Amino acid sequence: MAEKKVTLIIEGMHCSHCASAIAEALKRLKGVKGADVLFTTGKAKVSYDPDLVKVDDMAKAIESLGYEVKGIRE
Ligand SMILES: [Cu+2]
């Protein structure tokens, strides 16, 4: 089973509740194994199976909550 890591740069998080909402949304995606979201840095570090989920799906999940994805670092 493949595992990759990606860091998403997110704009619009104001507190730890924002970060947990994003982490929950990411973890609901099939194929996401772990999501560490920190509002202080504005980053989400995600480990995932690239056969099951795409980075684009993660960005869409984040944006559907009203936050903006400003960058992606593979
Ligand atoms: Cu918040």
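UniProt, in an unreviewed entry, places the feature "domain: HMA" at residues 4-70. The model shown here is predicted. Over residues 4-70 the chain is 34% helix and 36% strand. A copper ion is held by two cysteine donors, Cys15 and Cys18.

**Domain span**
- The annotation for residues 4-70 comes from the UniProt record.
- Across residues 4-70, the end C-alpha atoms lie 20 Å apart.

**Copper site**
- The protein donors of the copper ion are the SG atoms of Cys15 and Cys18.
- These donor atoms lie 2.1 to 2.2 Å from the copper ion.
- Cys15 has a relative accessible area of 27%, so this residue is partly exposed.
- Cys18 has a relative accessibility of 10%, and the cut-off for buried is under 20%, so Cys18 counts as buried.

**Cysteine pairing**

**Helix H2 and Ser64**
- Helix H2 covers residues 55-64, and Ser64 is found in this helix.
- Ser64 has a relative accessible area of 58%, and exposed means over 50%, so Ser64 is exposed.
- Ser64 and Ala19 are 45 residues apart along the chain.
- The C-alpha atoms of Ser64 and Ala19 are separated by 14 Å.

Note on methods
Residues numbered from 1 in each chain as written. Predicted model: local features only at pLDDT ≥ 70, side-chain atom pairs only at ≥ 80, totals over all residues. Heavy atoms only, no water. Donors = N, O, S within 2.8 Å, 3.2 Å for Na, K, Ca; no water. Buried < 20%, exposed > 50% of the residue type's maximum accessible area, 1.4 Å probe, protein only. Helix = DSSP H or I, 4+ residues; strand = E, 2+ residues; numbered from the N terminus. UniProt positions renumbered as here; feature names shortened; annotations may be inferred.
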